Amino acid sequence: MPEVVLDGLTRRFGETTALAGIDLVIADGAFAVLLGPSGCGKSTTLRLIAGLDTATSGRIRIDGTDVTDRPPAKRGLSMVFQNYALFPHLSVAENILFGLKVRRVPSAERRRRLERAADILGLGQLLARKPAQLSGGQQQRVALARAIVAESRLCLMDEPLSNLDAKLRAEMRHEIRELQRRLDMTMIYVTHDQAEALSMADQVVLMRDGRIEQDAAPAELYERPATAFAASFVGTPPMNLLPLEASAGGLVVAGTTGPVLAETDGAQQPDLLLGIRPEALQPQDGPGLPVTVTDLDYQGADTVLVCDLGGHTLLARVPGHAAAAPGSKLQLACTAADLAFFSAADGRRVALSAADTTNQPRILGGVTSWTRSHCSPPRPSWRSSPPPPRPGPSSS
Amino acid sequence: MDRRLLTTLYAWLLVLPAMVLLVAFTHYPTVATFWASFFSTARGRRPANFLGLDHYRRMITDDPVFLQVVWNNFLYALVTIPLSIGIALLMALWVNERLAGRGFLRMAYFTPTVLPMVAAANIWLFFYTPGFGLLNQIIALFGGPEVNFLGSPETALWSVMAVSVWKEAGFFMIFYLAALQSIPPSLKEAAKLEGASDFHFVRRIVLPLLMPTTLFVLVNAVIGAFRVVDHIVAMTGGGPSNASSLLLFYIYETGFKFWDTSYAAALTVVLLAVLITVSVLQVTVLDKRIHYR
């Protein structure tokens, strides 16, 4: 059961801290994605798990065994590198079998595993070729084949799709996900692409500055971001974040006179940020957020309206080809459930006045149920498996 | 028609400067050397006579010095080339690792290459000096007998070889180092994950990937081994009794000391033939086994 447990894992390079003591549990058979901007420590984490780098402190347990001090080959894992790391002078078959030869696996067994891997990944015709004679997608498949012939149940991937074009990337996403299911592997996958993370993962570990920002299932990460950073990193386009200020009736978007988005109990409120997903905002005739459209970004199935609200930019995703012209004024409405509040100081999510129901944010306008269901983030139908068991509250 | 003629004329005019230089200093001398090797050397009022292949016959049947020089040069190439390439590879592998003082080491290894050969030869003259030379002092420290490295026929050639290995290895190391650095580090990591030892990785991955560099270095080393003249001049003068004389040095002596220029021309033709044969062999035979990226 390759369950991976990281315990206070820290990596410092001289003065800089790449990884500041992270705790993480990845369940057996889970597809975990380490997500974050460059320099957040996700690749460092992966390299520490692989044993290609040594932790400054903290422990790594795979399958219940402490592997922190073991060399990479003794950790029972395989890895796919960003540039595939294929040996350019060896044929596809030799590349795939390199590790088995090193480990002195008998040749009959080698042949069996090669055939299986070539069969799974459709490499049968390419076995005699050199890597340079393959397309990017084919090279990617060879790298995958090399990872699966080891028949280790834990597989690490370091941005494996970043060198492929968009169409191939979508195909390979699906293929990798299916491979992971079929071979019942635990997968730890590093990417900076939030769309990739949402579509592939059972568990997304969002990282920032060497810490875990949020560790959650994709739907939870998207629908209930724990911090303003998580809100602004996930989603295309990401969540709108607007500063709030107190007015006579309650909290309003800074620079506007209303509407009131949350009532205050009169006590001193810390500075707050308002978060709204672009697809939660829909134009309507009734009262709402009064905005001026400044630009349109037509994306086919829907259009992103770039709006101005009290000097802040607000994005709204509306279905189809929106008729609104730049310069026109609109009322954008959403429901109370779509509003999220974050502390401006530390970015943490704030539950506003949960004790008193009258202090719940008021619903802005009457948005139809059709709009609501349309606005909920689409989930692929094949994601039917329950999210993996997660550790307690994520550290940050 | 006129236009095409004009274009052709332009083309020739553009090629002309380079061609003049090449013809004057490369092609004409080569052909002239070849031609002169069939004649006797003109002396005073005696003009050059056509001798046919007499010079070549003389080399094989009537010139023990030539045979010794060829043997010397063969031995010289056989020892210095593998040794300097091997050392270069080891040094490159070593200074390509992460280690303290890596930059200093790289510079130290490369320094001999920067020195002019004559300067290097002079430094080594001091090392080899009988009596108070560095090497003899070290030998004396252990109570060994005094050795006249450059003065005795048994050691002269080997002493000269040591100098050229010392000098060439650093030069070849730079090529290997450049090639090593073009190998992505992820290859090593991938091999490590598969459980390959460092030795296995070097043997199965690094050496094959360095083959293009090895061919280049090898061709250079062979040409270099047959062109050596400066440190022979500076250190031994080919002696004692031709023990450290090499082909080019013998040609130089024949041509410019004994003034037997046409025999020197014949020797030069032999040298050229050797170099061309070896280079063609290397490139054609080895090329098929080399993976070029």
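In this predicted model, 16 residues of chain A are in contact with 16 residues of chain B, where contact means C-beta atoms, placed from the backbone, within 7 Å. The model scores ipTM 0.75 and pTM 0.76. As a predicted model, it is read with cut-offs: local features need pLDDT of at least 70, side-chain atom pairs count only at pLDDT 80 or more, and totals for chains, interfaces and linings use all residues. Residues are numbered from 1 along each chain as its sequence is written, while chains are lettered from A and ligands numbered from 1 in the order in which they are written.

**The A–B interface**

- Strand E6 (77-80) and helix H2 (92-102) of chain A each supply at least two residues of the side of chain A that touches chain B. Helices (H or I, at least four residues) and strands (E, at least two) are DSSP runs, numbered from the N terminus.
- H2(A) gives the most to that side of chain A, with three residues.
- The side of chain A that touches chain B divides into 11 nonpolar, four polar and one charged residue. Here Ala, Val, Leu, Ile, Met, Phe, Trp, Tyr, Cys and Pro count as nonpolar, Asp, Glu, Lys and Arg as charged, and the others, Gly among them, as polar.

**Domains of chain A**

- Chain A is assigned domain 1 (4-225) and domain 2 (230-375). The bounds come from an automatic or database domain assignment.
- The C-alpha centres of domain 1 and domain 2 of chain A lie 38 Å apart.
- Eight residues of domain 1 of chain A are in contact with eight residues of domain 2 of chain A.
- On the side of domain 1 that touches domain 2, helix H6 (194-200), strand E10 (211-216) and helix H7 (218-223) of chain A each supply at least two residues.
- That side of domain 1 of chain A comprises five nonpolar, two polar and one charged residue.

**The six-stranded sheet of chain A**

- Six strands form an open sheet in the order E6-E7-E8-E3-E9-E10 (chain A), with mixed pairing. Two strands pair if DSSP finds at least two bridges between them.
- E6 and E10 of chain A stand at the edges with a single partner strand each, so one side of each is left without a neighbour in the sheet.
- From one strand to the next, the twist averages 20 degrees.
- E3(A) and strand E8 (residues 186-191) of chain A run parallel, joined by five bridges. Within this pair, Leu34(A) stands opposite Val190(A) in E8(A).
- Helix H4 (residues 136-149) of chain A lies across E6 and strand E7 (154-158) of chain A, running at about 175 degrees to E6(A). Axes are lines fitted to C-alpha atoms, for helices over the stretch in contact, and angles run from 0 to 180 degrees between N-to-C directions.

**Antiparallel strands of chain A**

- An open sheet of four strands has the order E2-E1-E4-E5 (chain A), with antiparallel pairing.
- Its edge strands are E2 (16-26) and E5 (65-66) of chain A, each pairing on one side only.
- Strand E4 (residues 57-62) of chain A pairs with E5(A) over two bridges in the antiparallel sense. Arg61(A) has Asp66(A) in E5(A) as its bridge partner.
- Strand E14 (residues 282-283) and strand E18 (residues 329-333) of chain A pair antiparallel over two bridges. Pro283(A) stands opposite Leu332(A) in E18(A).
- Strand E15 (residues 289-298) of chain A also runs antiparallel to E18(A), joined by four bridges. The bridge partner of Thr292(A) in E18(A) is Lys329(A).

**A helix pair in chain B**

- The axes of helix H9 (residues 198-225) and helix H12 (residues 261-287) of chain B come within 10 Å and cross at roughly 170 degrees.
- That makes H9(B) roughly antiparallel to H12(B). Angles under 35 degrees count as roughly parallel, over 145 as roughly antiparallel, 65 to 115 as roughly perpendicular and the rest as oblique.
- H9(B) makes the contact through Leu215(B), Leu218(B), Val219(B), Val222(B) and Ile223(B), and H12(B) through Leu275(B), Val278(B), Ser279(B), Gln282(B) and Leu286(B).
- The contact of H9(B) with H12(B) has eight nonpolar, two polar and no charged residues.

**Confidence**

- Chain A averages a pLDDT of 83, and 86% of its residues score at least 70. pLDDT is the predictor's confidence in each residue, from 0 to 100.
- Among the elements of chain A, helix H9 (residues 369-375) has the lowest mean pLDDT (33) and strand E3 (residues 31-35) the highest (95).
- Over residues 353-388 of chain A the pLDDT is below 50.
- Chain B has a mean pLDDT of 87, with 98% of its residues at 70 or more.

Methods. Two residues are in contact if their C-beta atoms, placed from the backbone, lie within 7 Å.
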